[in-house]
Amino acid sequence: MWHRFDTDYSADGTLFSLKIDPPQLVDYLRILTTRTEGWVAIRELRIVESPLSTVLVAASGLAEPVYITHANDKSDRLFVLEKEGRIRVIKDGILSETPFLDLSTRVDTTFHNGLLGLAFSSSYAQNGHFYVSYVSADNQNTVSRFSAGPDPDIADPDSEQVVLAFHHPGVNHSVGTLAFGPLDGHLYIAVGDGKVFNLPDVTPYPQDPGSLLGKILRIDVESGVIPYAIPPGNPFVDAPGYAPELWALGLRNPWGIAFDHQTGALYIPDTGQHTIEEINFQPAASPGGQNYGWPIYEGPLPYLDAQAQQTEPFSLPVAHYSHADGCAIVGGAVVDSVFYFSDACLGLLWELRQGGSAWMASRIAKIERPISSIGRDHDGVIYATGYADGHIYRVVNPKCSTTK
Ligand SMILES: [Ca+2]
């Protein structure tokens, strides 16, 4: 924030009050005092208070939680993914002993592999369908449909119908977040670039139009077509060499994509390599087909292939931060058209909001633990999953329209 007091009259003892909007944590405040012929423009500036969010522990005892969401059924339950393969239920603030679903015998958990995505059908209360993503024991990026059981807190483990399965070459940056488009009802699948731990960091897949890695996919899983239908409006349905499932290309590990359910817009965080973490934005009217640049660009900066930088159109992020503020961005939830996200290293909680054509990212809390994801409940309360300590953190945000 920058403010010049050149239109304010000052004299000894004058107190200026300056609102920090939006509220944010401040690590440094730099004041430039300029002495002119007859007077001093600024003598002192103090931050009296900063109305930040408070973070409370809402639940504990989870094993490597990586995602949190709700079921669109107004049941006041939270569903938490444990990386090893379990979906746990938090009901009325109590973590249920019995998992909602236990896929630990079907899931590979090497390094970053595991059970990583969960999305409930918008008609879950009627059809009982929900979808998970995981890396299978035989190294397949897998998206499956499951069905609810007679007990609403325990799903049917034998109801698995594999929707999509394709080879995962690595042990991180695999199939990840699942999200239903609020306007089209289709399933969006965020897939990492298939990076192989300890091997050269750049894979060819994000720019390979025939590969499903390093992409966002869009498929129709509720049309009755088994295993799924390609939506006719997908951007590359008729493009030779392109997988028809593709919605967007050029991503490294888009962990925590999230829709704005009020507007239909989509936020796409993408983890950077050594320098930049980024957030991309698609308005609701987007036809898809964007190329988000990796590995030609890392954030807004050129990374590889100078020739491609000259010739190809790429979509650059609307916001980014450097590794001074973290190491890996984790999304994401949207409440009142504000995108909330965090970071796997420093555990800062951020918000991103649009004002006209500009974007403003603000730090609103320090959790100071490794955070694996940000999610929300049905009422718009924001949660963070503490990967290492097994806590679920609830964010009490003075600016959120809904708190409880
Ligand atoms: Ca990018």
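**Close-up 1. Y67 and its bridge partner in strand β3.** Y67 has L81 of β3 as its bridge partner. This is a predicted model; local features need pLDDT of at least 70, side-chain atom pairs count only at pLDDT 80 or more, and totals for chains, interfaces and linings use all residues. Numbering starts from 1 along each chain as its sequence is written. Strand β2 (residues 65-69) and strand β3 (residues 77-82) pair in the antiparallel sense over four bridges. Two strands pair if DSSP finds at least two bridges between them. Five of the five residues of β2 are buried, so this strand is largely enclosed by the rest of the structure. Buried means that 20 or more other C-beta atoms, placed from the backbone, lie within 10 Å of the residue's own.

**Close-up 2. The open sheet β7-β8-β9-β10.** Four strands form this sheet in that order, with antiparallel pairing. β7 (115-120) and β10 (155-167) stand at the edges with a single partner strand each, so one side of each has no neighbour in the sheet. On average, neighbouring strands of this sheet are turned by 20° against each other, direction ignored. The axes are lines fitted to C-alpha atoms.

**Close-up 3. Strands β8 and β9.** β8 (residues 129-135) pairs with β9 (residues 140-148) in the antiparallel sense over seven bridges. The bridge partner of V132 is S144 in β9.

**Overview. The protein chain.** The chain has two helices and 27 strands. These are DSSP runs numbered from the N terminus: helices are H or I, at least four residues, and strands are E, at least two. Of its 404 residues, 43% count as buried.

Key: A residue is buried if 20 or more other C-beta atoms lie within 10 Å of its own, exposed if 12 or fewer, and partly exposed in between; C-beta atoms are placed from the backbone. Axes are lines fitted to C-alpha atoms, for helices over the stretch in contact, and angles run from 0 to 180 degrees between N-to-C directions.
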